[in-house]
Amino acid sequence: MLHELINKHGDKLSENDYYILNYIQKHTDEVTDMTIVALSKVCNMSKSSILRLTKKLGFSGYSEFKYYLKEEASQQIMSSDVFELSMSDIQTTMNLFKKIDKKAIYGLIDKTDTIYAYGTGWGQQNALQELKRYLLSMNKRVFLIPSKKELQVSINHMQPADLVIFTSLSGDIEEILTDLKAIHYNGTSTISITSFKNNHLAKLTTQQLYFQSTDFGYAFNVEHKSFIGLQLIVDHLVRGYLTYQNDKENQSGN
């Protein structure tokens, strides 16, 4: 399956590769009928970038890759292995995390005493609640912002020395776009944690972290999405920051 190839060749893939693959995974049916020119246009990438990606995944070219997608689609069954999808989210998120230089992110957390955190949904807020639990034990003041109204009120109290952490599944948050710009122009540093795609939130934040989230079924009139990648990012962010602190203390002790 495609996600297995992504996991297998993850070390070779760039951020642009993951962006193209994210589009392909979300629009597989359309892509199987697209020319390489059409795919390059919708992804805003060059044809050579797409061709290089297919070769990184082990294909001779785009035609063979597209044939593989068609065969995979024809063999896919409705009761796909949800546990396998979970492992794909974990592996892809880990690959994305490894590729980012996180020293600047740890530095932002280190130099601030006050952190504001805003999640665009229930799952995102749950992840931030866990992050708050960790950060409080590190002597950081953390204010979880429950709604847009409270975000607008909080902006009036934010200082350039503070930090704001946003979590969003898509990153397309038109309803608070004006508020994001206000925070940006105020000089307050921001970190976004979103699924890996081109989005408004990532563009307007100082630093970015990404995770993968896969749909794993429709039941009880609800489309279910996995937030295991987001929880993993929170866990790795805390572990990485603790390592950053230990290294800093060791260097100052020498």
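This briefing covers the cores, helix packing, salt bridges and selected residues of one structure.

The structure is a predicted model, in which local features need pLDDT of at least 70, side-chain atom pairs count only at pLDDT 80 or more, and totals for chains, interfaces and linings use all residues. Residues are numbered from 1 along each chain as its sequence is written, and side-chain values use heavy atoms, with hydrogens and water left out. Helices (H or I, at least four residues) and strands (E, at least two) are DSSP runs, numbered from the N terminus.

**Nonpolar cores**

- In soluble globular proteins, nonpolar side chains tend to be buried together.
- A nonpolar core here is a set of buried Ala, Val, Leu, Ile, Met, Phe, Trp, Tyr and Cys residues joined through side-chain atoms within 4.5 Å.
- Buried stands for under 20% relative accessible area, exposed for over 50%, and partly exposed for values in between (1.4 Å probe, protein chains only).
- The largest nonpolar core holds 53 residues, and Leu 39 and Leu 57 have the most contacts inside it.
- Helix 13 (residues 228-253) supplies the largest share of this core, 6 residues.
- A second, separate core has 14 residues, including Met 158, Leu 180, Ile 183 and Leu 201.
- Apart from neighbours within four places in sequence, Leu 39 is in contact (heavy atoms within 4.5 Å) with Tyr 23, Ile 24, Val 31, Met 34, Ile 50 and Tyr 62.

**Helix packing**

- Two packed helices are described by the angle between their axes and the distance between the axes.
- Axes are lines fitted to C-alpha atoms, for helices over the stretch in contact, and angles run from 0 to 180 degrees between N-to-C directions.
- Angles under 35 degrees count as roughly parallel, over 145 as roughly antiparallel, 65 to 115 as roughly perpendicular and the rest as oblique.
- Helix 4 (residues 36-43) packs against helix 5 (residues 47-56) at an angle of about 105°, and their axes are 9 Å apart; the two are therefore roughly perpendicular to each other.
- On the helix 4 side, Ile 36, Val 37, Leu 39 and Ser 40 meet Lys 47, Ile 50 and Leu 51 of helix 5.
- By class, this contact of helix 4 with helix 5 has 5 nonpolar, 1 polar and 1 charged residues.
- In these classes, Ala, Val, Leu, Ile, Met, Phe, Trp, Tyr, Cys and Pro count as nonpolar, Asp, Glu, Lys and Arg as charged, and the others, Gly among them, as polar.
- Helix 2 and helix 4 pack at about 110°, with axes 10 Å apart, and are therefore also roughly perpendicular to each other.
- Tyr 19, Ile 20, Tyr 23 and Ile 24 of helix 2 meet Leu 39, Val 42 and Cys 43 of helix 4.
- The contact of helix 2 with helix 4 has 7 nonpolar, no polar and no charged residues.

**Salt bridges**

- The whole structure has 4 salt bridges, each defined as a side-chain nitrogen of Lys or Arg within 4 Å of a carboxyl oxygen of Asp or Glu.
- One of them joins the side chains of Asp 17 and Lys 56 (2.7 Å, N to O).
- Asp 17 lies in helix 2 (residues 15-26) and Lys 56 in helix 5, so this pair ties together parts that are 39 residues apart in sequence.
- Asp 17 is buried at 4% relative accessibility, whereas Lys 56 is partly exposed at 24%.
- Glu 130 and Arg 133 form a salt bridge through their side chains (2.7 Å, N to O).
- Glu 130 and Arg 133 are 3 residues apart in helix 9 (residues 122-136), a separation of about one helical turn.
- Glu 130 is partly exposed, at 27% relative accessible area, and Arg 133 is partly exposed, at 49%.
- Asp 235 and Arg 239 form a salt bridge in which the closest N and O atoms are 2.6 Å apart.
- Both Asp 235 and Arg 239 lie in helix 13, 4 residues apart, or about one turn of the helix.
- Asp 235 is partly exposed at 22% relative accessibility, while Arg 239 is exposed at 53%.

- Asn 95 is in helix 7 (residues 82-99) and is buried at 5% relative accessibility.
- Not counting residues up to four places away in sequence, Asn 95 touches Ile 6, Gly 10 and Tyr 18.
- Most residues other than glycine have a negative phi.
- Asn 44 has a positive phi, near 60°.
- Asn 44 sits in the loop between helix 4 and helix 5 and is exposed, with a relative accessible area of 68%.
- Asn 139 also has a positive phi, near 65°.
- Asn 139 lies in the loop between helix 9 and strand 2 (141-145) and counts as exposed at 68% relative accessibility.
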